[in-house]
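Colleague: I have a model open and want to learn how to read it. Can we go feature by feature?

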There are 2 protein chains.
Amino acid sequence: MIRDLCDGDRLARQLDFLREIDRLKTVYRQTILTDRSRRENSAEHSWHLAMMAALLPEHGEEGGIDVNKVIRMVLVHDIVEIDAGDTFAYDTKGHGDKAEREQRAADRIFGLLPDDQGAEMMALWREFEERGTPEAKFANALDRLQPMIHNYLTEGHAWQKHGITARQVLERNKVIAEGSEALWAFARRLVESAVEKGYLAP
Amino acid sequence: MIRDLCDGDRLARQLDFLREIDRLKTVYRQTILTDRSRRENSAEHSWHLAMMAALLPEHGEEGGIDVNKVIRMVLVHDIVEIDAGDTFAYDTKGHGDKAEREQRAADRIFGLLPDDQGAEMMALWREFEERGTPEAKFANALDRLQPMIHNYLTEGHAWQKHGITARQVLERNKVIAEGSEALWAFARRLVESAVEKGYLAP
């Protein structure tokens, strides 16, 4: 056991958590990689969003957002999927009990950490979910935009597989506008172009 | 083309870069996941290090480090592998021309970004490689520690496959001490325990 090698309970709890979250690498999403070799997992997706958060904040709200907080938020936002699984964006049934499943997951997984750090992770995750702050709005915008780009670059792979229409994509992802008008304008052009190219049903 | 949908050259260059780095998800390392299902890729590895950076800095140097900088550094540190490939820690031949291969990769990949952001990413990567600052020392400590933990949890998988000895592991990873005495003490106990359990040759 790793924890027996630790000098002190704090490090033991931190390493327990860090081992547990390795499992996020085996939670597979509907989106595929741009080279189409396989489905994307939620750990590498979170890394990709963190890079977007570091590079795109100039397109966010005027007045500025706390970029470092957005980075931490996207790093943490999917960890609950270790227990709760990934719910496909357009799966209305799965969304029914998503909040409850994810809260139980958060309690268990963040509960592995020392109390102060568990509370901090829980707060970041809740803030992301509630979408009330400029940081959470921007983080959610990135989380919606990234799979749209991947779908576009793979000729609509997940959209076609699940028979998704342009109307559904626009409805589901309009919250991007809350985080960034510029990215929402881009996303709308992307949907238009996807319809023109036949990647996405009108 | 995604760039034709962009309003402005900055967003176009940012999205070109963000698309290019999707390829880091297909750079596979020697380390396997703790569930032993497959080799780890460098994108999800970077995410895991970022979570370690967020949670473990209390074990770093007294006086404190800029945690947000460490997080950004580990997010970026492996991007050059898209062109240069992952060089196994104990591959002395591969390390011969590693610096040159990686510099060419950095020039090309970070060069996709707007100049200011490309320079920022390049500086973060160079700082990590040069290991001169407290942040770089801590980031390197995490980068060395994580595969040791994965090897331990998989009964020495990559160590055994490549016939690595405890002496090699200690020699290769002693730089952990520069970033954190506490994590180095843990790492040494882990190596001792791995030898006792037969995961690692003495």
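Modeller: Start with how the two chains relate. This is a predicted model.

Colleague: Now a single residue. Where is B:Asp22 found?

Modeller: In the loop between helix H1 (9-20) and E1 of chain B.

Colleague: Is B:Asp22 buried or exposed?

Modeller: Buried means under 20% relative accessible area. B:Asp22 has 2% relative accessibility, so this residue counts as buried.

Colleague: With which side chains does the side chain of B:Asp22 make a polar contact?

Modeller: One is that of A:Thr34, at 2.8 Å. Another is that of B:Lys25, at 2.6 Å. Now leave aside the neighbours within four places in sequence. B:Asp22 is then in contact with A:Leu33, A:Thr34, A:His48 and A:His150.

Colleague: On to strands. Why is strand E1 of chain B largely enclosed by the rest of the structure?

Modeller: Because four of its five residues, in the run 28-32, are buried. As a general idea, side chains in a regular strand alternate between the two faces of the sheet.

Colleague: How many bridges join E1(B) to strand E2 of chain B?

Modeller: Two, and the strands run antiparallel. E2(B) covers residues 39-41. Opposite B:Ile32 stands B:Arg39 of E2(B). The two strands form a hairpin, with six residues between them. In the turn, B:Arg36 has a positive phi of about 65°.

Colleague: Last, the rings. How many aromatic pairs are there over all chains?

Modeller: The count comes to six. One of them is A:Phe88 with A:Tyr90. Planes over 60 degrees apart count as edge-to-face. Here the angle is 70° and the centres are 5.5 Å apart, an edge-to-face pair. A:Phe88 is buried at 16% relative accessibility, and A:Tyr90 is buried at 18%.

Colleague: What angle do the planes of B:Tyr152 and B:Tyr199 make?

Modeller: They lie at 75°, with centres 5.5 Å apart, so this pair is edge-to-face. The pair links distant parts of the chain, 47 residues apart. B:Tyr152 sits in helix H8 (residues 134-153) of chain B. B:Tyr199 is in the segment after helix H12 (181-197) of chain B. Both B:Tyr152 and B:Tyr199 are buried.

Note on methods
Residues numbered from 1 in each chain as written. Chains lettered and ligands numbered in written order. Predicted model: local features only at pLDDT ≥ 70, side-chain atom pairs only at ≥ 80, totals over all residues. Heavy atoms only, no water. Buried < 20%, exposed > 50% of the residue type's maximum accessible area, 1.4 Å probe, protein only. Pairing = 2+ DSSP bridges. Polar contact = N/O pair within 3.5 Å; in protein donor to acceptor, adjacent residues only side chain to side chain. Contact = heavy atoms within 4.5 Å. Phe/Tyr/Trp six-rings, centres within 6.5 Å; stacked < 30°, edge-to-face > 60°.
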